[in-house]
Amino acid sequence: MSQATKPVYPTLGEHIGRLADPGSFVPAAHAGDPTVQADDPAAVVGGEALIDGRPVTVGQAGHLVVRALARRHPYIGISSGTGGLARGGKRNLGVLDTVWGMSGGPMLAEMCDRLRGVPVVSAVVRHSFGDSTFFTGLSDYVVQLRGASMALTSPRVLAIGTSERVTMEELGGADVHRLNGQADTIAETLDEVYAAIRRFLSFLPSFAGGPLPVREPAPPGAGDRAGPASRGRQLIESVCDRGSLFELRRDFAPGLVTGLARLEGIPVGVVASDPAAGESAAAERAAAERAAGDGAFSADACLKATRLVCTCDAFGLPLVFLVDSSGPRNEPAAISRAMMLAQAVQLAEVPKCIVITRRAHGAGLLITGPARVATDLVVAWPDARAGFYDGEAGEQHQQYQQYQQYQQYQPPDGVIEPASTRGTIAAHLRAVLGPAPLTRPGRILRTWPVGFLAQNFVIVKTLVCYFVQKSSRS
Amino acid sequence: MGGPQAVDAIHAAGRRTAREHIAGLVDPDSFCEIGTFATFTDKVTAPEAGNYGGGIIGGQARLDGRPVTVAADDDSVAWPSARSTGKAARLYQMARQRRHPYIEIAQGDAVPDLGPRPGKTGTEAGRTFGAEPAFPYLLERGRAIPVVSAVLGDASGASSLSAGLCDFLVQLDGTRLSLAGPEPDGAAGDAAASGEVDAVVTEPDEAYAAIRRFLSYLPSHSGGPLPVAAEDVPLGYDDGIATLVPARRSRAYDMKAVIRRLCDPGSFFELKAAYARNIVTGFGRLAGIPVGVVANAPMRMAGGLTPECCLKAVSFVCLCEGFGVPLIVLQDTPGFLVSAAAERDRAVVRVMALLQALSLVTVPTVSVVVRKAFGLAFVILDANRRAGLSLAWPGAEIGFMDPPVAANVLFEPVIRELPETERAEFLAAKAAELGVVFEPYGVAANLTVDEVIEPGATRKVVGDYLRGWLESGPSPHVAGPLASWPRWF
């Protein structure tokens, strides 16, 4: 996309036409939004539509989210491209209540109050700043179109305020949020954006507490059943319905695979260690992960998994953990992040199925250990080992050598053959899933932050800011 | 404990035993030990009797007259952090049941060179891993009682876990706190640099004092009465506070001096002082009432907010909400610092988490704009969205963006048309126009700010507000969802 030609973006109406079921869109009136200019021909602010036959509300960024909350169905925000400043600021200049209004205040309040009551999706399909970005930071699922960007404010404000000169792409492009985990999916085309949204919603009930969208069971994929060396995705393939895995945040903390999938038709959240992560050239961070261990349940991986656990608990999806974790790692905030994930797993009230495929050490053990035995399934493959430290990494931990003998781990629900993993989980889910919804309003994880507060590998040590110095010379 | 030899080795290393730490921490003669005769349960590898304590020394005690439960790693036995007796878990549950603070002293790895000592065996660990330390109970604690973790010796593994689940983490300088054990290259996560540690001390005695100080601001349990100081500190006018804040917006000043002046003398106790210093968090007292203070610090990056600032503030707000401590927010910030580095550092979700946290607060909140507050930062830090009290000093500037930057952005098309020589003048004029609009009376007109007050009246207005709240019977405080948020992310 050349700088010289201004790209032509689809209007919101066009987006909805391509996203939703044909002919299902019922546009809303301007819905009392003061920032929309009534004489703007492209001022469709959204409305209701059907996706796979189920009602949703679609709007510009966070506009109209209150309608979805009231109707108890999903909300999809299409980034509007501008913050409040460019949209309403020039007109409203000097009207001081716009501090709240221009920051998207009413929308932010609704988003903070929603507590994951309905699924909220954000599609970043053009450069978005200000309230479009704030909305994205409060969404359950973020899909970003390559070429579009998302940042708190625009490169122009940066140039004026701090003299930092960056492009849109450098500031908040797909590669930025692909690696820092703020985008769940990167789409190469608009059609991929629409497909990703439809796919994400296909796993979730329309509202927290609604019935799970169970489908016809499908046979498992042809993943590698050979055992220990299974890569995370193959392992999921072999356990879940064929082709059902919808991976989330693939390139962030690649040592852990997270996603939504189906198991005998039942939607589940799935977490699997991927000991072989890093072979893909695309995953730059994997190199660092590999250097420090296998990356499963690294600090970032804990954040990655926590987001999934919170989403699944809020919407009542059972969780499946396929654990192969080599041990704890010393990195900044490792303890807190591991504890956060352990807390999330402990506080999640949906059924949890934990399979130790090879090793459960460090944070892998922490999420396994305190599982609620009464409701959860904890099994291990033959020869699986568990313990806080890996006894085989013995030279480093000589004093723990003596504990090698407990490596033959006896899990609460027994040892299973790898080939029977799917059957065991399915039987458990059938046994515990009843007609009652798996969520309740008071559920703690529904209130946890929507975006997780991951810290970059590169800690920003000095952030020189000329903002005030420069701007106060007047 | 592990016998005289082990104790001698601990002393020779210049360290203190578990019982010595407890004696130093709690009120004299108040320690009432339980589980003195607990031993490691696997007799195969621990055949000798006499190594009593089970890796943890603990029991009930009093701290400044208030009941607490304390548990300390007994580093005179092998790998005490493995804790096969389940004693820490039992002690935590007792504290929870009695609704008073639980204090854990972590030093599980402290003396690794004592040679083989009796300890738990692998078989035992394999059966019971994860179920023995207080850890599984702490996961669901929801800030029901204050939990303190004091790292007074090297700690890793199970001994380190409470550090990730406590309300106050104090670490002795020079000790290693890590999830994994020591690594060959000596690498370890620096907990202080990552913001997890609330206070770093150089002596165990300092750690004891910090724990007493921290707990002095909190009720014994969530929903309990706040420990209001007995002495009556008058709430007079104090015109001197205004002199601490230079009128010129670009001049830096020490926000902590403003906080100290606002709070009762000597009552301010800062947390995480070394981390994200452009925001200050800590406890204080106003009219004797404990308060949590969150304040921008213009000495550092002009008080601009980084993603780290959001983490620090979220963590502190959750703590205050958990125990019903009112919040005072002092604003003087140009806003969130925007940069490519900040975006890479996930500015978006961190800023939004701060917004979410402050939206979920149920404790009374007072915000005061002492000089400037712009854009989203103001929207987030302002108290009146949750029916708190929002105040501004007369010289405050409040608006959607710093005026000179705003002028530049808003009038960009106009500026482009102007001759080079006229641009600066035009911008200055527009910025000045905006500056007038940004005076606090505009936001006071539509109740975005509840009142514009003289700086000298701040202490009285805030103090009266808190007294009124306390008298109208706020307790028992029923903590909102923030009580169950993680302590750190």
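## A first look at chains A and B

The secondary structure of chain A amounts to 17 helices and 14 strands. Please keep in mind that this is a predicted model. Chain B, for its part, has 17 helices and 15 strands.

Here are some overall values for each chain.

| Chain | Length | Buried residues |
|---|---|---|
| Chain A | 474 residues | 61% |
| Chain B | 489 residues | 60% |

Take the contacts in chain A between residues at least 6 apart in sequence: 67% of them join residues at least 24 apart. For chain B, 74% of the contacts between residues at least 6 apart join residues at least 24 apart.

### Domains

Chain A is split into domain 1, covering 12-195, and domain 2, covering 214-445. Where these two meet, eight residues of domain 1 of chain A are in contact with 11 residues of domain 2 of chain A. On the domain 1 side of that meeting place in chain A, two residues are nonpolar, two are polar and four are charged.

Chain B also has a domain 1, residues 4-216, and a domain 2, which is made of 239-396 + 439-484. Between them, 10 residues of domain 1 of chain B are in contact with 15 residues of domain 2 of chain B. The domain 1 side in chain B holds four nonpolar, two polar and four charged residues.

### A sheet in chain A

Now let us look at one sheet in chain A. Seven strands of chain A form an open sheet, in the order β1-β2-β3-β4-β5-β6-β7, with mixed pairing.

One pair to look for is Val143(A), whose bridge partner in β7(A) is Thr185(A).

Helix α1 (residues 12-19) of chain A lies across β2 (46-51), β3 (54-60) and β4 (75-78) of chain A, at about 155 degrees to β3(A). Helix α10 (residues 190-202) of chain A lies across β2, β4, β5 (120-124), β6 and β7 of chain A, running at about 170 degrees to β6(A).

### A covered strand in chain B

How many of the seven residues of β11 of chain B are buried? Seven of its seven residues are buried, and the strand is mostly covered. In a regular strand the side chains alternate between the two faces of the sheet. In β11(B), Leu327(B), Val329(B), Gln331(B) and Thr333(B) point one way, while Ile328(B), Leu330(B) and Asp332(B) point the other way.

Strand β11(B) has parallel partners. Four bridges connect it in parallel with strand β10 (residues 289-296) of chain B, and Ala295(B) stands opposite Leu330(B) in β11(B). To get from β10(B) to β11(B), the chain passes through helix α9 (residues 307-323) of chain B, in a right-handed β-α-β crossover. Six bridges link β11(B) with strand β12 (residues 365-374) of chain B, again in parallel. There, Leu327(B) has Thr365(B) in β12(B) as its bridge partner.

How values were computed: Residues numbered from 1 in each chain as written. Chains lettered and ligands numbered in written order. Predicted model: local features only at pLDDT ≥ 70, side-chain atom pairs only at ≥ 80, totals over all residues. Domains from an automatic or database assignment. Contact = placed C-beta atoms within 7 Å. Nonpolar A, V, L, I, M, F, W, Y, C, P; charged D, E, K, R; others polar. Buried ≥ 20, exposed ≤ 12 C-beta atoms within 10 Å, placed from the backbone. Helix = DSSP H or I, 4+ residues; strand = E, 2+ residues; numbered from the N terminus. Pairing = 2+ DSSP bridges. Right-handed = clockwise from strand over helix to strand, strands pointing away. Axes fitted to C-alpha atoms, helices over the stretch in contact; angles between N-to-C directions.
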